[in-house]
Amino acid sequence: MMQSTAAGDYRVLIVDDDFRVGQLHADMVNEIPGFQALDPVQDPRTVPQLVASLQPDLVLLDLYLPHVSGVELLRELHVDAIMISAATEPKNVAAALQAGALAFIIKPFGAKTLAAKLKGWARYRRQLATATDFDQQGVDRLYRTVQGAEDTAATTSTAPTEQAVLACVRQSREPMNVAEVAEAVGVARATAQRYLAALVASESLDLQLGYGTRGRPEHRYLAR
């Protein structure tokens, strides 16, 4: 029976011809806050129809499957996917990435490895959702994020303007809007907006919706 999902959870479809392995990975997914595994699928021939009907946010896809390979299947799917496999030959990794896999996890893997990849993917999705435009640094950050890479190195090399925006909001006793941040830091409003969106996506700042006297919603930013 298909499991129900909590509102706001990312829905993950797991495709593995070994039922025990698929269920093990589903249990791992369900332990990660904000994620919910759908019933694992063993027959890859049913996956395109299931993706169309269930509309999962992410597919964890085994490389070697009966009837059709994971790489062939991935080319048919219009959904974010992470390839999972013990087949680590360069040709297999390259084929998975060329077919559109956002990441490649080597079997067997533990819950910590899967959680890092899924949380990185979730941050990647939030960055895409909150950004209005990307500069090169933002695109580079996006690639690091989707791989689940730790952001410690990125933090030390953050642009001075981004550091100034973060410090400005953290030092404020009240949530700040874009115009206030731009004036305090001494940058254009569009520049402040771009860095604020990046800081929200990386979970360095929180975003609130406030309503002014005219009833129009306004984004306000505050430190975590």
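**Sheet, helices and cores of the predicted model**

Strands E3 (residues 58-62) and E4 (residues 80-85) run parallel and are joined by five bridges. Helices (H or I, at least four residues) and strands (E, at least two) are DSSP runs numbered from the N terminus, and two strands pair if DSSP finds at least two bridges between them. The model is predicted, and local features need pLDDT of at least 70, side-chain atom pairs count only at pLDDT 80 or more, and totals for chains, interfaces and linings use all residues. Residues are numbered from 1 along each chain as its sequence is written, and side-chain values use heavy atoms, with hydrogens and water left out.

Leu60 has Ile82 as its bridge partner in E4, and Val59 stands opposite Ala81 of that strand. Strand E4 is mostly covered, as six of its six residues are buried; buried means under 20% relative accessible area, exposed over 50%, and partly exposed in between (1.4 Å probe, protein chains only). Asp80, Ile82 and Ile84 point one way from E4, while Ala81, Met83 and Ser85 point the other way.

E3 and E4 belong to an open sheet of five strands with parallel pairing, in the order E2-E1-E3-E4-E5. Strand E2 (35-37) and strand E5 (103-106) are the edge strands, each pairing on one side only. From one strand to the next, the twist averages 25°. Helix H1 (residues 19-30) packs on the sheet and touches strand E1 (10-15), E2, E3 and E4; contact means heavy atoms within 4.5 Å. The direction of H1 makes about 160° with that of E2. Axes are lines fitted to C-alpha atoms, for helices over the stretch in contact, and angles run from 0 to 180 degrees between N-to-C directions.

Over the whole protein chain there are ten helices and seven strands. Buried residues account for 43% of its 224 residues. Of the contacts between residues at least 6 apart in sequence, 53% join residues at least 24 apart. The chain exposes about 12,300 Å², of which carbon and sulfur atoms supply 51%; accessible areas come from the Shrake-Rupley method with a 1.4 Å probe, and for residues only the protein chains shown count as cover.

Helix H5 (residues 111-130) has 20 residues. From its first C-alpha to its last, H5 reaches 28 Å, close to the 28 Å expected at 1.5 Å a residue, where the expected span is 1.5 Å times one less than the number of residues. The buried residues of H5 include Leu114, Leu118, Trp121 and Ala122. An α-helix has 3.6 residues a turn, so residues three or four places apart point the same way.

The largest nonpolar core has 25 residues, and those touching the most other members are Val12, Val29, Phe35, Leu60, Leu114, Leu118 and Trp121. A nonpolar core is a set of buried Ala, Val, Leu, Ile, Met, Phe, Trp, Tyr and Cys residues joined through side-chain atoms within 4.5 Å. At least two residues of this core come from each of E1, H1, E2, E3, E4, E5, H5 and helix H6 (136-146). H5 gives the most, with six residues. A second, separate core of 22 residues includes Val41, Leu65, Ala87 and Ala101. Leu114 touches His25, Met28, Val29, Ile32, Leu60, Ile105 and Phe109, not counting residues up to four places away in sequence.

Several loop residues have backbone features of note. Pro108, in the loop between E5 and H5, is joined to Lys107 by a cis peptide bond with omega about -10°. Gln55, in the loop between helix H2 (47-54) and E3, has a positive phi of about 50° although it is not a glycine. Gln55 counts as exposed, at 59% relative accessibility. His67 is found in the loop between E3 and helix H3 (70-76). Phi of His67 is also positive, near 75°, and His67 counts as exposed at 60% relative accessibility.

Arg141 lies in helix H6 and is buried, with a relative accessible area of 9%. Not counting residues up to four places away in sequence, Arg141 touches Gln127, Glu162 and Ala198. Ala131, in the loop between H5 and H6, is partly exposed, with a relative accessible area of 24%. The C-alpha atoms of Ala131 and Ala198 are separated by 6.9 Å, although the two are 67 residues apart along the chain.
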